[in-house]
Amino acid sequence: MTSKKKSPDRGRTSRTAGGDEAVIDSAAEDHVNVTFVVGSAQKDGSVTETEDGRVFTSFDLVVRADGGRAVVPVTFEGEVLVREGEKVAVIGAVEKRFYPSGGRLTSRTDVRAVRVTVVRRASQVEKVRDDVLRRVSGA
């Protein structure tokens, strides 16, 4: 991605790989951590309970785009049923966590989901996408 110089009144103008231009408001781009992922569950989600009684569901999404494949780990606080092969849309934030494991400090980077939708209809992805746009725009 190439970008032009920032102008104080317009924000930054960026040119995408496809040549399209987008003006990004300077104030809106500060410290935004919103992630939108749609993919297929690699295997059934696993539910765990912490010592303090909180419940988490973890699963990996396989995302195929631009001829490649990525596996995105997802953690959701709460219980949600995600089955292997299901199409799932997630809104969350990228988070790096540190935790003790086997006497050592281990880290994990994943998407900490605030919304998980098992997709049954294309319109569900559109609704989740619209929710992402509202979150990013602050509306």
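Residues are numbered from 1 along each chain as its sequence is written, and side-chain values use heavy atoms, with hydrogens and water left out. Because the model is predicted, local features need pLDDT of at least 70 and side-chain atom pairs count only at pLDDT 80 or more, whereas totals for chains, interfaces and linings use all residues. The term pLDDT denotes the predictor's confidence in each residue, from 0 to 100. Its mean over the chain is 82, and 78% of the residues reach 70 or more. Over residues 1-27, however, the pLDDT is below 50. Beyond near neighbours in sequence, that stretch has 33 contacts in the model, a contact being heavy atoms within 4.5 Å.

The chain contains one helix and nine strands. Helices (H or I, at least four residues) and strands (E, at least two) are DSSP runs, numbered from the N terminus. Along the sequence, the elements follow the pattern β-β-β-β-β-β-β-β-β-α. Of the 139 residues in the chain, 28% are buried; buried means under 20% relative accessible area, exposed over 50%, and partly exposed in between (1.4 Å probe, protein chains only). Among contacts between residues at least 6 apart in sequence, 44% join residues at least 24 apart.

The pairing of strands was examined next. Two strands pair if DSSP finds at least two bridges between them. Strand 4 (residues 35-41) and strand 8 (residues 87-101) run antiparallel and are joined by six bridges; here Val 38 has Ala 89 as its bridge partner. Strand 4 is also joined to strand 6 (residues 55-65), again in antiparallel fashion, by two bridges, and Ser 40 stands opposite Val 62 of strand 6. Val 62 in turn has a bridge partner in strand 7, namely Val 71. Strand 6 and strand 7 run antiparallel and are joined by 10 bridges. These two strands form a hairpin with two residues between them, and Asp 66 in the turn has a positive phi of about 50 degrees. Strand 7 and strand 9, by contrast, run parallel, with three bridges joining them; Phe 76 has Ala 113 of strand 9 as its bridge partner.

Strand 9 also holds Ser 107. With a relative accessible area of 37%, Ser 107 is partly exposed. Its contacts, leaving aside neighbours within four places in sequence, are Lys 96, Arg 97, Phe 98 and Tyr 99. The C-alpha atoms of Ser 107 and Lys 96 are separated by 6.7 Å, although the two residues are 11 apart along the chain.

A nonpolar core is a set of buried Ala, Val, Leu, Ile, Met, Phe, Trp, Tyr and Cys residues joined through side-chain atoms within 4.5 Å. The largest such core has 14 residues, of which Phe 59, Leu 61, Val 74, Val 82, Val 88, Val 90 and Val 116 touch the most other members. At least two residues of this core come from each of strand 4, strand 6, strand 7 (68-77), strand 8 and strand 9 (104-118). A second, separate core of six residues includes Ile 91, Val 125, Val 128 and Val 132. Beyond its neighbours within four places in sequence, Val 88 is in contact with Val 37, Val 38, Gly 39, Phe 59, Leu 61, Val 82, Val 116, Thr 117 and Val 119.

Helix 1 (residues 122-137) comprises 16 residues, which at 1.5 Å a residue should span 22 Å; the end C-alpha atoms are 23 Å apart, in agreement with this value. The expected span is 1.5 Å times one less than the number of residues. The buried residues of helix 1 are Gln 124, Val 125, Val 128, Asp 131 and Val 132. Seen down the helix axis, these buried residues fall within an arc of 120 degrees, so they line one face of the helix; the arc is that of the directions from the axis to the C-beta atoms. The face turned away from the buried side carries the exposed residues Ala 122, Lys 127, Leu 133 and Ser 137. The cover over the buried residues of helix 1 includes strand 4, strand 8 and strand 9.

Thr 117 lies in strand 9 and, at 12% relative accessibility, counts as buried. Leaving aside neighbours within four places in sequence, Thr 117 is in contact with Lys 87, Val 88, Ala 89, Gln 124 and Val 128. Just after helix 1, Gly 138 takes a positive phi of about 80 degrees.
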